[in-house]
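User: I'd like to go through some of the labels on this model and see what stands behind each one. Can we take them one at a time?

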Amino acid sequence: MWGFAIFWNVLTLPVVSKIPEELQKGEYGILVILLFNLVGLGLLLLAIMKTLEWRRFGVTALTMDPHPGAIGGHVGGYVDIKLPYQSAHKFKVTLSNIYSYVSSSGKNRSRHEKVKWQDMAMVNGEPGMQGTRLSFRFDVPDGLRASQEHSGSYYKWTLDINAGLPGVDLNRQFEIPVFQTGEKSRYIDDSHTSADRDVVDLDLPVQIKQHHDKTELYYPPGRTKGMAVGLSFIGSIFLGVGIFLGYKFWFGSDPGIMLFIMGSLFFLIGFLLVVGGIYTLVNALEVSIDVSGVKTVRRILGIPLFQRNVGRHQLRDIQIKRGAQGGNTVYYSIFLVTMDGRYIKIGESFVGASTAEKVAAQIKQWLDLK
């Protein structure tokens, strides 16, 4: 990270010295370069934070149980962390099955990663040899791809451990072996997994209120702030580049049609990303379940955008679908399936397949769906 931060800043900082000269010439588009300098400062800050994290926690070795992890069984284990034990500390443990692949060819080759399946659990620590021991266990369904050797395209499994702590946060990632063995954990029991916890005890993006004849689910604005900020930030960069290219086209000495096309393309993409980020931040979903059926209302800043109503006799099933991916986080959605094949969204922004499955099972029980 230090190498990347230094490389980026060495390339971009010298351009800052040319800004006053360009502004005197009336070339105000040069100010777009400041966006790239901000990225460089962000990389520098991240390098500092990673260094402080390493100095605080040092090596955090993972012991797996079973080893290797098992598709159709369990992925579990523990990590000893150099952190004084406190019962208030909570850790987010995320297990991901990721497809890594290379797109394009030649000089345009770039590697991308797509999360195919993901589960998350909030785990309490316990006293350990180095201060705090973090134990976890996930139930992994059949049908997922096993770990493969690194190549142009391959599948891998990663385990992320994150905790917001006073001072420096903990952020560690492990690439782990997971194969189709069906093995179970020998020492990690049900107390270290969120699969059997009640819905009200889970870390949910929804507020649930139950009355004697009705259940209300409210997904408030800002439930996926990270994705909203990420979309808006990337969109702002695209917008800035589009405005800069547009300025060069209209006021530059040598305008060309490609400059106009590229500027328009960057501006359109940036505009859509910013709008998407704002929508992600301000929209809300209301779901009402009673004896007559289900009613959903989508709102933006409290203003109804659209609503759907479906009678209980029209309902056939509930399904979970993989939704948007923000960084390496996958969000799952819950849909009602009607007799005529329509899909009505009644849940969204769930991090972790097991959490979405738990909520879906509870809704199915409320609706008395077989």
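User: Why is Thr224 called buried?

Analyst: Buried means under 20% relative accessible area (exposed is over 50%, partly exposed is in between, with a 1.4 Å probe and protein chains only). Thr224 has 6% relative accessibility, so it counts as buried. Bear in mind that this is a predicted model, where local features need pLDDT of at least 70 and side-chain atom pairs count only at pLDDT 80 or more, while totals for chains, interfaces and linings use all residues. Residues are numbered from 1 along each chain as its sequence is written, and side-chain values use heavy atoms, with hydrogens and water left out.

User: Where is Thr224, and what does Thr224 touch?

Analyst: Thr224 lies in the loop between β12 and α4 (225-251). Leaving aside residues up to four places away in sequence, Thr224 touches Thr280, Tyr331 and Ser349; contact here means heavy atoms within 4.5 Å.

User: What makes β12 and β13 a pair?

Analyst: Strands are DSSP runs of E, at least two residues, and helices are runs of H or I, at least four, numbered from the N terminus. Two strands pair if DSSP finds at least two bridges between them. β12 (residues 214-219) and β13 (residues 283-290) have 6 bridges, in the antiparallel sense, so they pass that test. Tyr219, for instance, has Leu285 in β13 as its bridge partner.

User: And which residue stands opposite Asn283 in β14?

Analyst: That's Ile300. β13 and β14 pair over 7 bridges, again antiparallel, and they form a hairpin with 2 residues between them.

User: What sheet do these strands belong to?

Analyst: An open one of 5 strands, in the order β11-β12-β13-β14-β15, with antiparallel pairing. β11 (207-210) and β15 (303-311) are the edge strands, as each pairs on one side only. Helix α5 (residues 257-282) packs on the sheet, touching β13 and β14 (293-300).

User: How do you know that β13 is mostly covered?

Analyst: By the buried cut-off, 6 of its 8 residues are buried.

User: What makes up the lining of the largest pocket, by class?

Analyst: There are 6 nonpolar, 6 polar and 6 charged residues. Ala, Val, Leu, Ile, Met, Phe, Trp, Tyr, Cys and Pro count as nonpolar, Asp, Glu, Lys and Arg as charged, and the others, Gly among them, as polar. Of the 18 lining residues, Met227, Ala324, Lys345, Glu348 and Ser349 lie nearest the centre. A pocket is an open set of points on a 1 Å grid over the protein atoms alone, with protein on both sides within 12 Å along at least five of seven lines; a 1.4 Å probe fits at its points, and lining residues have an atom within 4 Å of a point.

Terms used
Axes are lines fitted to C-alpha atoms, for helices over the stretch in contact, and angles run from 0 to 180 degrees between N-to-C directions.
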